[in-house]
Amino acid sequence: MIYISIIIGCIIGACLGFASPVISYTYSSYLSIAIVAALDTVFGGIASVVKGNFDLKIFLSGFFGNSILAIALTYLGEKLNVDIYLAAIIVFVGRMFNNLGIIRRYYIDKWINKIEENKKKKEIETEDIKDNQDVKITEA
């Protein structure tokens, strides 16, 4: 079922991609910085879910606020003939890597804890089996 959903999603995405308009070069820097800012907010949201302190209001305000601020910095830099958007990209990408590190550590710890729990369960099961065999031997 999941493979069918993936195939249908790819077909819909390809059809929409062919039908969408092409962004002109003059607006490509605005779009790229807005996408980076939005991705930073998404990774921050995932990291806050992992930490257990997610708030939708903060997420939405950060999503739109960061994107608008990044676009404004890009516009200001363009008017001043200074590449200010590079500073925004460095900050947002750095935060994305930090948030990705938080997410990665959480899932690695979760995976290691699950492996340790499985080992403990197997040890308990083998001890129970040995105890049952010892009881049967003493009864005989």
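**Talking through the model**

Guide: Tyrosine 107 is found in helix H4, and before we go on, please keep in mind that this is a predicted model.

Visitor: Okay, is tyrosine 107 buried, exposed or partly exposed?
Guide: Tyrosine 107 is partly exposed, because its relative accessible area is 47%, and the band called partly exposed lies between the under 20% of buried residues and the over 50% of exposed ones.

Visitor: And how far apart are tyrosine 107 and valine 50?
Guide: Along the sequence, tyrosine 107 and valine 50 are 57 residues apart, while in space their C-alpha atoms are separated by 8.9 Å.

Visitor: What radius of gyration does it have, and what would a compact globule of 140 residues have?
Guide: The protein has a radius of gyration of 26 Å, whereas a compact globule of 140 residues would have one near 14 Å. If you look along the principal axes, the C-alpha atoms fill a box of roughly 95 × 35 × 25 Å.

Visitor: What share of the residues is buried?
Guide: Of the 140 residues, 17% count as buried. The protein exposes about 11,200 Å², and carbon and sulfur atoms supply 68% of that area.

Visitor: Which residues form a salt bridge?
Guide: The count comes to 1 salt bridge, and aspartate 40 forms it with arginine 95, with the closest N and O atoms 2.6 Å apart. This pair links distant parts of the chain, since aspartate 40 sits in helix H2 (residues 25-51) and arginine 95 in helix H4 (residues 85-139), 55 residues apart.

Visitor: Are those two buried or exposed?
Guide: Aspartate 40 counts as buried because its relative accessibility is 1%, while arginine 95, at 38%, counts as partly exposed.

Visitor: What does asparagine 66 touch?
Guide: Leaving aside residues up to four places away in sequence, asparagine 66 touches Ala37, Asp40, Thr41, Ser61, Phe92 and Arg95, so both partners of the salt bridge, aspartate 40 and arginine 95, are included. Asparagine 66 itself lies in helix H3 (residues 56-80), and it is buried, with a relative accessible area of 17%.

Visitor: And where is asparagine 99?
Guide: Asparagine 99 is placed in helix H4, and its relative accessible area of 15% makes it buried. With residues up to four places away in sequence again left out, asparagine 99 touches Asp40, Phe43, Gly44 and Ala47.

Visitor: One last thing: where is asparagine 81, and what is its phi?
Guide: Asparagine 81 belongs to the loop between H3 and H4, and it has a positive phi of about 60 degrees although it is not a glycine. Asparagine 81 counts as exposed because its relative accessibility is 72%, which is over the 50% cut-off for that word.

Terms used. Residues numbered from 1 in each chain as written. Predicted model: local features only at pLDDT ≥ 70, side-chain atom pairs only at ≥ 80, totals over all residues. Heavy atoms only, no water. Helix = DSSP H or I, 4+ residues; strand = E, 2+ residues; numbered from the N terminus. Buried < 20%, exposed > 50% of the residue type's maximum accessible area, 1.4 Å probe, protein only. Contact = heavy atoms within 4.5 Å. Rg over C-alpha atoms; globule rule 2.2 N^0.38 Å. Areas by Shrake-Rupley, 256 points an atom, 1.4 Å probe, with all protein chains shown as cover. Salt bridge = Lys/Arg side-chain N within 4 Å of Asp/Glu carboxyl O.
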